[in-house]
Amino acid sequence: MTDTSGTTPTVIGRRTVLIATGATAASLVVAAAPEAPTAEAADPAPVAAAAVCTLTKEMTEGPYYLDGQLVRADVGEDKTGIPLELTLTVVDDSTCAPLNNALVEIWHCDALGEYSGFVGNNGHDEPDNGTFLRGGVLTGSDGVARITSVYPGWYRGRCVHIHVKVHTDVTLTDDGSFTGGQELHTGQLFFDEAITTRVAALAVYAANTVPRTTLAQDSIYDDAGAASGLLTLTALGSSPSAGYAGALTLGVES
């Protein structure tokens with residue numbers, strides 16, 4: 001199975017989208033629904049002040065997007081894999097000011113390269129509930145969305161990556177999902193190849209029987225670093241099995 005995202009992109013609209021490095025991103029705690037508080041930060045000003053906005057293109061959503069996913073801070077469910085703690089900061093493209101109450105949604109494959117709702121497409125047999133490793137959270141007044149997941153695996157023809165969308169003015173639903181709103185950005189998040197090589201050697205990832213496409217071989221990543229969605233990764237412990245924190249600032253035309 002090959003990700004067809006490189007040849008059949010979803011039409012998203014002609015929007016100017018910026019991505020900048022998340023140099024001042026902090027540690028992660030976030031709630032997702034309006035009944036519970038959104039992400040908090042002591043002082044939002046430094047996040048905006050440190051953002052260096054860089055013009056970049058949007059990237060295709062690929063063939064595995066599913067509407068109506070849950071609004072939640074932890075999308076990992078019971079999937080095996082090493083921890084991944086994401087800090088994604090959304091800012092206005094013209095001012096780099098933090099964007100409050102934007103929904104940042106992610107989806108990605110598990111260690112075996114399988115997406116929920118499409119299990120089996122990468123050649124592995126496992127339970128499929130249609131929701132694992134999918135979901136999103138609302139940004140706080142600092143523009144930050146903090147999401148906990150597991151480090152992704154890979155599937156045929158694509159490097160390790162995470163898909164991301166940014167929505168505004170969504171309506172939260174009684175079943176814990178969302179509807180409506182405006183989609184400001186569709187992109188992908190990428191991982192340093194040296195770190196992925198170490199992660200791929202761990203037993204849970206080595207069980208993936210599909211040959212791995214490297215970052216340099218990928219048909220979507222264009223080697224522009226943070227401007228192409230390359231995360232800044234920080235080890236959570238002394239070994240790869242402890243997991244990583246990943247940070248990036250997304251600038252959108254709001």
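**Strand pairing and ring contacts**

In this predicted model, strand E4, which covers residues 103-107, pairs with E5 in the antiparallel sense over five bridges. Within the facing strands, Leu 103 stands opposite Leu 138 in E5.

Sheet

- An open sheet is formed by four strands in the order E5-E4-E7-E10, with antiparallel pairing.
- Its edge strands are E5 (134-138) and E10 (182-190), each of which pairs on one side only, and neighbouring strands are turned by 20 degrees against each other on average, direction ignored.

Aromatic pairs

- The structure holds nine aromatic pairs; one of them joins Tyr 64 and Phe 118, whose ring centres are 5.0 Å apart and whose planes stand at 65 degrees, so the pair is edge-to-face.
- Tyr 64 lies in the loop between E2 (54-56) and E3 (83-92), and Phe 118 in the loop between E4 and E5, so this pair ties together parts that are 54 residues apart in sequence.
- Tyr 64 is buried, with a relative accessible area of 4%, whereas Phe 118 counts as partly exposed at 23% relative accessibility.
- Tyr 64 also pairs edge-to-face with Tyr 155, with ring centres 5.8 Å apart and planes at 85 degrees.
- Tyr 155 lies in the loop between E6 (144-150) and E7 (161-168), so its pair with Tyr 64 ties together parts that are 91 residues apart in sequence; Tyr 155 is buried, with a relative accessible area of 0%.
- Ring pairs link Tyr 64, Tyr 115, Phe 118 and Tyr 155 into a cluster.

Lysines over rings

- Lys 79 lies over the face of Phe 132, at 4.1 Å from the ring centre, and Lys 165 lies over the face of Tyr 65, at 4.9 Å from the ring centre.

Key
Residues are numbered from 1 along each chain as its sequence is written. This is a predicted model: local features need pLDDT of at least 70, side-chain atom pairs count only at pLDDT 80 or more; totals for chains, interfaces and linings use all residues. Side-chain values use heavy atoms; hydrogens and water are left out. Two strands pair if DSSP finds at least two bridges between them. Helices (H or I, at least four residues) and strands (E, at least two) are DSSP runs, numbered from the N terminus. Axes are lines fitted to C-alpha atoms, for helices over the stretch in contact, and angles run from 0 to 180 degrees between N-to-C directions. Rings of Phe, Tyr and Trp (its six-membered ring) pair if their centres lie within 6.5 Å; planes under 30 degrees apart count as stacked, over 60 as edge-to-face and the rest as tilted. Buried means under 20% relative accessible area, exposed over 50%, partly exposed in between (1.4 Å probe, protein chains only). A charge sits over a ring if NZ of Lys or CZ of Arg is within 6 Å of the ring centre and within 35 degrees of the ring normal.
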